[in-house]
Every structure is written in C-alpha cells, then in structure tokens.
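Keep the structure open as you read.

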Amino acid sequence: MHSNVDSQAPRSLKLAASAGLLFLHLPIMLIFVYAFTTEEKSYQWPPPGFTLKWLAVTWDRPDVWQALKLSVGVASLSTIVALLLGTLCAAAISRSKFFGRETISLLVILPIALPGIITGIALRSAFNLAEIPFSMWTIVLGHATFCVVVVYNNAVARFRRTSASLIDASMDLGADGFQTFRYVILPNIGTALLAGGMLAFALSFDEVIVTTFTAGQQQTLPIWMLEELVRPRQRPVTNVVAMVVVLVTFLPILAAYYITREGHRTGGQSR
Amino acid sequence: MVDGALAITPGRGGIFGRSSDAIWRNPKMFLFLLLLPPLLWLGVVYIGSLLALLVQSFFSIDEFTGLVKREFTLKTYRELLHPANLDIIVRTVSTAVVVTLSAAVVAFPIAYYAARYARGRWKAVFYLGIMLPLWSSYLVKIYAWKLILAKEGILNWLFAQLHLTWLLDAVLAIPIIGGNSLSVSYLGTCIVFLYVWLPFMILPLQASLERVPVNLLEASSDLGAEPVKTFRYVILPLAMPGLIAGSIFTFSLTLGDYIIPQIIGSSRLFIGQAVYAHQGTAGNIPLAAAFTVVPIVVMGFYLWMAKRQGAFDAL
C-alpha cells in the first residue's frame, strides 16, 4: 500500500515508529557494552571501566566450549531432519489436492503454534513411558519437530512459484525421477532450502524451553545460559557468551535474508 | 504397466528408471511415499505424545504413596479449580491479554510506517530491524532486560539523572504490579514479555496493512473523514486479520512461557512454572498434564475465532 500523493509520514507516526525500532534494538546493543565491563559482582551502570580480559577468560572455559559443541551438533542434526521432512511435506502439499491436506498443514504448524512447554512435557512423558533414556538424540527429536515448519514454509512458497510443467518436461525428455530431482527441482528450490535450513539452525541453536524437558544431564548453550541466569556464578563470562551468541545468530539471519531476496527469479515463474 | 504400449518412448530400464516410471504412473503412491516420513514423525511421535499427555491428565496421584493411579478420573481437573491453581490460571491469561493489547499498540506505528511509507533502502532497514530482534537469542534478550531492570541498572540510573526517581518509586508502590524493584515486579514481567514477542505482532500486521489499497484511504478523506475516522472505519477493520494473527502468537507464547516470569518477576507462579514444578520435583504428572490442557483449550478457542475472522490468510 504505497501512497503516491502524500509520501510524507506525519511526524507523530515517524516518532512512534522510530521509538518502536529503538525499543527493539537498544537492549541488544547494551549486551555489547556489558561484555567489556570491569564490574564483576553486579549489573552496575554506567560501567566503571572497560577491559578485554573476560574474552580471554571465557575462551579458556571448558564448560562453555562443551555446551557450544553440543548445541552446534544438535542444531545440525535437527536441521538435516527438518530439511528432509519439511521438503517432503511441502512437495506433497503444493503438488496435489487430497483429502486431509489442510490437516497436514495444520499438523506442521502445531509444534510452534502450541506453547513450547506443551511440546516439551508431552515428549518428556512419552520418553518416560517408552523408557527411552535422555541423550543428545532426545534433544534432536524435540528440536526437529518444531524446525520442520520453517523449512516447510520456505519450501512450499518456492514450490508454488515453480512451474509443474518443468518437471513434466524433464520426465518426458527421458530423465528419471532422480535426475529430475537433481537437475530440475533442486536448482529451483535450493536457495529456499538453504534459507529455511539456516532459520531452522538458528531456531534450534537458540531453543531452551523444549530442551529443558528433553535433555538429561547434557547442557546445550541455552541451558548453560539459563543456569547462569537463575544462579549467576561468573557474570562477566555470561556477558561475553551473550555477546557471542548475538553475533553468531545475526550472521545466518542476514545470510538467509540476502539469499531469499535474490531468489525471486526462479524458473517457470510466468505461470 | 498395462498402458506401456501407449507411451511414445519405450519404458526406462534399470532400477532407477523403472521405479521412477512406476512412481510417475501412480501419483497416489508417490504422494503416499512423500507424506509417509513427515506423517510418521509428526503424526505418530508428536501427536502420539500429545495424546499420551492428555490421557495422563485423566489419571490421578495417590495422596499416600505419591504414585500415579492409572484409572480414569476427573479428580485432577477438580484440583485445577482450587483457589491457588485458579489464581495461577487467571494471572497467566490476564497477563497474556495485557501483553497482547500493548503489543498491538506498540506494533501498529512500526507496521504502518513500514507498510506505507518505507521504500527502497528503508524497506530493508525496517525488515531487518524487525527480523534481527525476532531471531536473536531469546535468553540473551531476557538477560539484556535483567541488566536494564536491575536496581543498579541503566533504567534506575536514567530515572535518577532525570530526577524522576520519585515517579518510579510511586509506580513500584502500586500493590499488584509493583515490587521492590522493576526486575522483581509484575510490571517488569509484562515489559519483557512485550519486548520478546513484539516482532511476532509486527510482521503479520505489516503484511495485512500492505494489502490496504491507498485509494480507499484517499476516498475516505475525500469524503470528509478526519484521519481518526479513517483509522477507525477503514484501516482498523482491514488490519484486523493481521492483528488477530499477531495476537495468536503473543497470546500463545505468553500462555506457555515459564522462563521469563522465573527470571524477571515476583515469586507468583504462571501456568508454565506450575507445569514445570508439578512434573519435576513433585512428580505429579497428572496435574501438570491437566495444567497444559488449559492453554490448549484457550488456544483452540482462540484459533477457532481467528479462523472465522479469516486471520490465517495473513500468517
């Protein structure tokens, strides 16, 4: 809805919109200041002084590294599972109309539409009933369940823009299903999958509510942070970890944005 | 393979070739194969777990042994109506309402500006300006607010610099929403909820505002309506699906969260904390399960209303 006549926004609207954006961003920026503070015992503002010492201290903490390693592992595995399931689901939904189609799209959205605590406790009590011991795999199982939806959303939008006649043509010209997938479908949906996969990774990397229910003794990075938030041990280390987490999650988001922005020109779009 | 004779080219050889021929001839089977893995995962593992949880809410806990009795009973649901538990439910639902309404108010100008006036470079700035906070770490955001709201933190410092400490103290002295400091008050909990869920409100709202045709607004003002009237009778009704879609997120997320009230807020419990406490140390899975049914029922009702208003097109 672009206005051609009065392209100048009223001043009050400008003020309210920029105040809103500031409200969204200032708290995160504050993290960057606190990561360098010399104050150890409290959250004192303004910081009494600045130091780089805590970067080195954090670097030497084995518990942080271990948590980071587990988080990366869990996020990678969940992303792979989500990519598989999400793409399959999107392909089925976008290609054909069948009974129960609406139900399936609802089913995919359900794990993030329902509060995380419900997914968490449902899985935990199911693991207990089935006597499955908690491990990295139970965490992956929980994460993949709600990561499917972001891959699905990205893939289904791209499938709709990709013309079905491309696939028909490929099959008619003698390619088998696997060649068609490799040379026709994959190039068309590749960037959407990449973007969806990055978002799924970010979602899993950051998830804490479901994880508290599906993890045993293992600590992912968010669980480590939660522990520090509830019972602070060394605040400066938490500050540094928080800053690193912000930086690490910004990169895939920016990348996903640029990928999907350029991906608008896809084959068979004239349909 | 009866209709093989009708094909222009002969059938493909090899396992890959033959199987892709078979799949091509039989779209139903292909569809089934596509859907099988996701349905097994989501339909069996996930829905199965949810149903198992639901079933357990109809069990009860033996008061003497502390073990779960596997017999059908509504006793656990009656327990939900105890004043202490009812209090938790009312507190959580009313917080969700407050957070949703304030998110709508704060989100509207951002969404409206982004939809109507931002273009080119600014469009990208607004898009990323909403996406980055949305996707940055949930715990880091809460942590940032712990820094801000702490007694020695930046907000108290700011109030002191402006000589407004008396105002803050007056707000904190209000019985229910106040407390010793902002970080242990109900007001603090609401601010953090608002902050963390705000992008979820902005995005669908912006999507619905982008579909409002400008000539409707021009027609409205040509016909003599002041901006307030145009807003009330033209923009707001057209933005409603977006508002409802956004409120689904803010409402549902607030109902189920147990980490924010645990870290920033008074010691009074929310539904999520009650669930966590009952399933953990207390081992009272039936009561925890019954508690989780509350947000499911509330959200089910909410989604049904939203669907009737056509809000799903704006998601």
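A cavity here is a set of grid points where a 1.4 Å probe fits but cannot get out. The model is predicted.

**Cavities**

The structure holds four cavities of 30 Å³ or more. The largest cavity contains about 70 Å³ of space. Which residues line the largest cavity? From chain A come A:Phe205, A:Asp206, A:Leu221, A:Pro222, A:Met225, A:Val241 and A:Val245. From chain B come B:Ser137, B:Leu139 and B:Val140. By class, eight of these lining residues are nonpolar, one is polar and one is charged.

Four helices each give at least two residues to this lining: H8, H10 (221–230) and H11 (235–262) of chain A, and H6 (138–149) of chain B. H10(A) supplies the largest share, three residues.

The second largest cavity has a volume of about 40 Å³. Its lining consists of A:Arg95, A:Phe159, A:Thr162, A:Ile167, A:Val184, A:Ile185, A:Asn188 and A:Ile189. Here H8(A) gives the largest share, four residues. The classes are five nonpolar, two polar and one charged.

The table sets out the spaces and their linings.

| Space | Volume | Lining by class |
|---|---|---|
| Largest cavity | about 70 Å³ | eight nonpolar, one polar, one charged |
| Second largest cavity | about 40 Å³ | five nonpolar, two polar, one charged |

**Cysteines**

How many disulfides does the structure hold? Over all chains, it holds zero. A:Cys89 is in no disulfide, and its nearest cysteine sulfur, that of A:Cys147, is 15 Å away. A:Cys147 is likewise in no disulfide, with the sulfur of A:Cys89 as its nearest, 15 Å away. A disulfide requires two cysteine sulfur atoms within 2.5 Å, so a 15 Å separation rules out that pairing.

Are these cysteines buried or exposed? A:Cys89 has a relative accessible area of 2%, so it counts as buried. A:Cys147 is buried too, at 0% relative accessibility.

**Two single residues**

A:Ser94 sits in helix H3 of chain A. Its side chain reaches the backbone oxygen of A:Ala90 at 2.8 Å. Setting aside neighbours within four places in sequence, A:Ser94 contacts A:Val156, A:Phe159 and A:Arg160.

A:Pro252 lies in helix H11 of chain A. Why does A:Pro252 count as buried? Buried means under 20% relative accessible area. A:Pro252 has 18% relative accessibility, so it counts as buried. A:Pro252 and A:Gly174 are 78 residues apart along the chain, and their C-alpha atoms are separated by 39 Å.

Key:
Residues are numbered from 1 along each chain as its sequence is written. Chains are lettered from A and ligands numbered from 1 in the order in which they are written. This is a predicted model: local features need pLDDT of at least 70, side-chain atom pairs count only at pLDDT 80 or more; totals for chains, interfaces and linings use all residues. Side-chain values use heavy atoms; hydrogens and water are left out. Buried means under 20% relative accessible area, exposed over 50%, partly exposed in between (1.4 Å probe, protein chains only). On a 1 Å grid over the protein atoms alone, a cavity is a set of points where a 1.4 Å probe fits but cannot get out, and a pocket is an open set with protein on both sides within 12 Å along at least five of seven lines; lining residues have an atom within 4 Å of a point. Grid points are joined across faces, edges and corners, and a volume is the space filled by probe spheres set on the points. Ala, Val, Leu, Ile, Met, Phe, Trp, Tyr, Cys and Pro count as nonpolar, Asp, Glu, Lys and Arg as charged, and the others, Gly among them, as polar. A polar contact is a pair of N or O atoms within 3.5 Å; within protein, one must be able to donate a hydrogen and the other to accept it, and residues adjacent in sequence count only if both atoms are side-chain atoms. Contact means heavy atoms within 4.5 Å.
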